[in-house]
Amino acid sequence: MNDRILIVDDEDSLRLSMKMRLKGAGFEVDDASDGEAALDKIRETQYDVVLLDIKMPNLSGLDALPLIVQTAPKTDVIMMTGFADFSDAIECLKAGAKDYLVKPIEVT
């Protein structure tokens, strides 16, 4: 399995634990702590999936999503949030996200 995943979340412990679990499952995984860092990585590397937190400092997931879709249209973006707000989910799906997950996320 050579699928490449980018995890974008400002919570270090969550980001790193997801990274370890996904690497253990055979994925190639990179991580970023905010939307700006994610865009830098996306410009350098092609990802199959981006797991993108909605609420982050600097550039939020909501603001980064359209930029990611424009920069890497073949990459699937899955939004993550600690708050079950369906209006955010609908907004993300309309903006190009493939799915929306509520934390805590079961990696399986």
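Me: Which strands does helix 3 lie across?
Reply: Helix 3 lies across strand 3 and strand 4, and runs at about 155 degrees to strand 3. Bear in mind that this is a predicted model.

Me: What kind of unit do strand 3, helix 3 and strand 4 make?
Reply: A β-α-β unit, and a right-handed one. Helix 3 covers residues 61-71 and strand 4 covers residues 76-81.

Me: And how do strand 3 and strand 4 pair?
Reply: In the parallel sense, over five bridges. As a landmark, D53 is opposite M80 of strand 4.

Me: Is strand 3 buried or exposed, by its residues?
Reply: Strand 3 runs over residues 49-53, and four of its five residues are buried, so the rest of the structure largely encloses the strand.

Me: Back up a bit. What is the strand order in the sheet?
Reply: The order is 2-1-3-4-5, in an open sheet of five strands with parallel pairing.

Me: Which strands stand at the edges?
Reply: Strand 2 (28-32) and strand 5 (99-102). Each has a single partner strand, so one side of each has no neighbour in the sheet.

Me: How many degrees are neighbouring strands turned against each other?
Reply: On average 20 degrees, with direction ignored.

Me: How does the chain cross from strand 1 to strand 2?
Reply: Through helix 1, in a right-handed β-α-β crossover. Helix 1 takes in residues 12-24 and lies across strand 1, strand 2, strand 3 and strand 4. Its direction is about 170 degrees to strand 2.

Me: Switching to helices. At what angle do helix 2 and helix 3 cross?
Reply: At roughly 5 degrees, and their axes come within 10 Å. Helix 2 is residues 35-44.

Me: What does that angle make them, parallel or antiparallel?
Reply: Angles under 35 degrees count as roughly parallel, and helix 2 and helix 3 are therefore roughly parallel to each other.

Me: Which residues meet there?
Reply: From helix 2, G35, L39, I42 and R43; from helix 3, A64, L67, I68 and T71. By class, five residues of this contact are nonpolar, two are polar and one is charged.

Me: Last one, S60. Where is its place?
Reply: S60 is in the loop between strand 3 and helix 3.

Me: Buried or exposed?
Reply: The relative accessible area of S60 is 16%. The cut-off for buried is under 20%, so S60 is buried.

Me: How far apart are the C-alpha atoms of S60 and D34?
Reply: They are separated by 7.0 Å, while the two residues are 26 residues apart along the chain.

Definitions and conventions
Residues numbered from 1 in each chain as written. Predicted model: local features only at pLDDT ≥ 70, side-chain atom pairs only at ≥ 80, totals over all residues. Heavy atoms only, no water. Buried < 20%, exposed > 50% of the residue type's maximum accessible area, 1.4 Å probe, protein only. Helix = DSSP H or I, 4+ residues; strand = E, 2+ residues; numbered from the N terminus. Pairing = 2+ DSSP bridges. Right-handed = clockwise from strand over helix to strand, strands pointing away. Axes fitted to C-alpha atoms, helices over the stretch in contact; angles between N-to-C directions. Parallel < 35°, antiparallel > 145°, perpendicular 65-115°, else oblique. Contact = heavy atoms within 4.5 Å. Nonpolar A, V, L, I, M, F, W, Y, C, P; charged D, E, K, R; others polar.
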